[in-house]
Amino acid sequence: MNAGPTHLPLHAWHVAHGARIESFAGWAMPIHYPLGILGEHRHTRAAAGLFDVSHMGQIMVRALAGDHLAAARELEKLVPVDVMGLKPGRQRYAVLTNASGGVRHDLMIANLGDFWYLVVNAAAAAADLTHLQEHLHATCTVELVSARALLAVQGPEACAALSALVPAVAAMRFMDAGVFTIDGTACFISRSGYTGEDGFEMSVPVAVAEDIAERLLSHGSVQLIGLGARDSLRLEAGLCLCGYDLGEDVTPIEAALDWAIQPARRTGGPRPGGFPGADVILTQLERGVARKRVGLRPEGRPVREGAALFADPTSDVAIGRVTSGTYGPTAEGPVAMGYVPISLTPIGTRLFADVRGQRIPVVVSVMPFVPHRYHR
């Protein structure tokens, strides 16, 4: 018997606030509230939005021998990023790679002093936990955190809203992370997010999550935001969604994530390679790739994920595909991302997407479609 989607810890609270609930990645998620997707998107860009992202997996990694750097060294065997160089109180975007250099999943890694705190994708949480345990069990404890909710407040008024509860967050920079207390309760907070705006993500005990959410919502600038606006916000910001823009058959270099591989892990660095698919990825860094993820501006109407891309309106040979696409309220028009041959990546290149038998013109465009406003 199908048990149905898993409820978020604050499920009843969301329903009481008028959320429309739908299944996503095995979870019953708020898609939007009475304000609607368009209104929620615009409110986040103009003020502050409160998101419940408790479906994401939270994992703690600790070295068995108490050697914090030893745990970082082991993590570097699974990701192509500089974990050992990540200072306490800092966070870094990373990808788990496979033997062919493809992206298993992406994640965030934070150094919280005596443990490493990882946030992994919702649909991948169980698989990532197993993957980490299989490779790290001899040297580390790898524990799924099950009694904490994950909330995010995003937008230009996010700092004002959260600092009313935790004044110290006002001094944080983009990708800072730390353990803070709210009324004596330990919360893991990072200055980061998935919208391109300034903002914070906070891991809080389930027992106090509703109270904290209500206190944030009581700030005049904050509105509840659902999964629908979260998707349009991240797409305008040019941010990837695993399973759409990233996958086992896409390398981080093809995905234009070169910036996420620090010099220490590249050829000539102090700790080059040593992660799955390193030979493929490091070769691509030096020699280039045959295809690349690009931004696309469809003309006239949105083009959704899965649409085939063609070099001209009459060709029968697809040269790429759209991986994400929607209407961008702040960009004031359709926006999309996709993969095309490297020869077709120059800005301004005109391509055509097949939408139910019609060829829709799309133009290769600069990303992000809306400038990032991180607090650096």
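Trainee: Which residue stands opposite M60 in strand 9?

Mentor: E143 does. This is a predicted model: local features need pLDDT of at least 70, side-chain atom pairs count only at pLDDT 80 or more, and totals for chains, interfaces and linings use all residues. Residues are numbered from 1 along each chain as its sequence is written, and side-chain values use heavy atoms, leaving out hydrogens and water.

Trainee: What makes strand 5 and strand 9 a pair?

Mentor: Strands are DSSP runs of E, at least two residues; helices are runs of H or I, at least four; both are numbered from the N terminus. Two strands pair if DSSP finds at least two bridges between them. Strand 5 and strand 9 (residues 140-144) share five bridges, in the antiparallel sense, so they pair. R62 and T141 are another pair of bridge partners here.

Trainee: How many bridges join strand 5 to strand 8?

Mentor: Five, again antiparallel. V61 stands opposite W116 there.

Trainee: What is the strand order in this five-stranded sheet?

Mentor: The open sheet runs 6-7-8-5-9, with antiparallel pairing. Strand 6 and strand 9 have a single partner strand each, so one side of each lacks a neighbour in the sheet. The twist averages 25° from one strand to the next. Helix 3 (residues 68-75) packs on this sheet, and its direction makes about 30° with that of strand 8. Such angles run from 0 to 180 degrees between N-to-C directions of lines fitted to C-alpha atoms, for helices over the stretch in contact.

Trainee: Why is strand 5 said to be largely enclosed?

Mentor: Buried means under 20% relative accessible area (exposed is over 50%, partly exposed in between; 1.4 Å probe, protein chains only). Six of the seven residues of strand 5 (residues 57-63) are buried, so the rest of the structure largely encloses the strand.

Trainee: Why does H131 count as buried?

Mentor: H131 has 9% relative accessibility. The limit is under 20%, so H131 is buried. H131 lies in helix 4 (residues 125-136).

Trainee: Which residues does H131 touch, beyond four places away in sequence?

Mentor: L78, L96 and R104. A contact means heavy atoms within 4.5 Å.

Trainee: What makes a set of residues a nonpolar core?

Mentor: Its members are buried Ala, Val, Leu, Ile, Met, Phe, Trp, Tyr and Cys residues, joined through side-chain atoms within 4.5 Å. The largest core here has 37 residues, and Y93, L112, Y117 and L246 touch the most other members. Strand 7 (103-111) is among the elements that supply at least two residues of this core. The largest share, three residues, comes from strand 7. Another core, of 31 residues, lies apart from this one and includes V153 and F200.

Trainee: How many cavities of 30 Å³ or more are there?

Mentor: Two. Among the 14 lining residues, Q91, Y117, F188, S190 and E201 are closest to its centre.

Trainee: What makes a space a cavity?

Mentor: On a 1 Å grid over the protein atoms alone, a 1.4 Å probe fits at its points but cannot get out; lining residues have an atom within 4 Å of a point. Points join across faces, edges and corners, and the volume is what probe spheres set on them fill.

Notes. 1 Å grid on protein atoms, 1.4 Å probe; cavity = no way out; pocket = protein on both sides within 12 Å on 5 of 7 lines; lining within 4 Å.
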